[in-house]
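Look over the sequence and the fold below. Then follow the text from one element to the next.

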Amino acid sequence: MKPHVTVITLGVDELERAVAFYRDGLGLATKGIIGTEFENGAVAFFELQAGLKLALWPRTSLSADSGIAVSKSSWPDMSLGHNVGSVEEVEAVMGQAKRAGGEIVKAAAPTFYGGHAGYFRDPDGHLWEVVFNPGLDQL
């Protein structure tokens, strides 16, 4: 397999609420909800960077497509990392997420590797880490 991630899909409980959080609250660009004319087709895409999109898809649609029953995880089994260029940017994004309705689960603070990071959950419980890691380019 040649590793090349092009879409990260998050299952959401309320598509409109999730779109509002990412579009209006976090400022991510989207053309809005598309595919409503198809059963289990409603989805919203956000361009994260060249060649990488974030998709928001109702959990019930993801369940129908994958054949896996809908369930909610009670503990974090993954996080999405948003790396920024400074401590100030970490604080700004964390504040933006909170104002948009995100839940701060760990306030931003200095890290053991000389950076700065915090965690928030979106309205559907997806965990995001906002991080400044001055050594990331050397990894």
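Just after helix α1, Gly 27 takes a positive phi of about 80°. Helices here are DSSP runs of H or I with at least four residues, strands are runs of E with at least two, and both are numbered from the N terminus. This is a predicted model, in which local features need pLDDT of at least 70, side-chain atom pairs count only at pLDDT 80 or more, and totals for chains, interfaces and linings use all residues. Residues are numbered from 1 along each chain as its sequence is written, and side-chain values use heavy atoms, with hydrogens and water left out.

Stay with α1. Its buried residues are Leu 15, Ala 18, Val 19, Phe 21, Tyr 22 and Gly 25. Buried means under 20% relative accessible area, exposed means over 50%, and partly exposed lies in between, with a 1.4 Å probe and protein chains only. What does α1 lie across? Helix α1, residues 15-25, lies across β1, β2, β3 and β4. It runs at about 150° to β4. Helix α2, residues 59-66, lies across β1 and β4, at about 95° to β4. Axes are lines fitted to C-alpha atoms, for helices over the stretch in contact, and angles run from 0 to 180 degrees between N-to-C directions. Contact means heavy atoms within 4.5 Å.

Now the sheet itself. Strands of a sheet pair through backbone hydrogen bonds, either parallel or antiparallel. Here 4 strands form an open sheet in the order β1-β4-β3-β2, and the pairing is mixed. β1 (7-12) and β2 stand at the edges, each with a single partner strand, so one side of each has no neighbour in the sheet. The twist averages 20° from one strand to the next. Two strands pair if DSSP finds at least two bridges between them. β3 and β4 (residues 52-58) pair in the antiparallel sense over 5 bridges. Ala 44, for instance, has Leu 56 in β4 as its bridge partner.

Next, a loop. Gly 35 sits between β2 (30-34) and β3 (43-49). Is it buried or exposed? Gly 35 counts as buried, because its relative accessibility is 13%. Beyond its neighbours within four places in sequence, Gly 35 touches Gly 41 and Ala 42.

Another loop joins β7 and β8, and Asp 124 is found there. Asp 124 has 6% relative accessibility, so this residue counts as buried. Setting aside neighbours within four places in sequence, Asp 124 is in contact with several residues, including Gly 11, Asp 13, Arg 17, Ala 18 and Arg 59.

Arg 121 lies in strand β7, residues 116-121. Arg 121 counts as partly exposed because its relative accessibility is 34%. Arg 121 and Lys 98 are 23 residues apart in sequence, and 9.2 Å apart in space, C-alpha to C-alpha. With neighbours within four places left aside, the contacts of Arg 121 are Gly 102, Glu 103, Val 105, His 126 and Leu 127.

Of its 16 lining residues, the closest to its centre are Leu 28, Leu 48, Gly 81, His 82 and Trp 128. The elements that give two or more residues to the lining are β3, β5 (80-83), α3 (87-99) and β8 (127-132). β5 gives the largest share, 4 residues.

Note on methods:
On a 1 Å grid over the protein atoms alone, a cavity is a set of points where a 1.4 Å probe fits but cannot get out, and a pocket is an open set with protein on both sides within 12 Å along at least five of seven lines; lining residues have an atom within 4 Å of a point.
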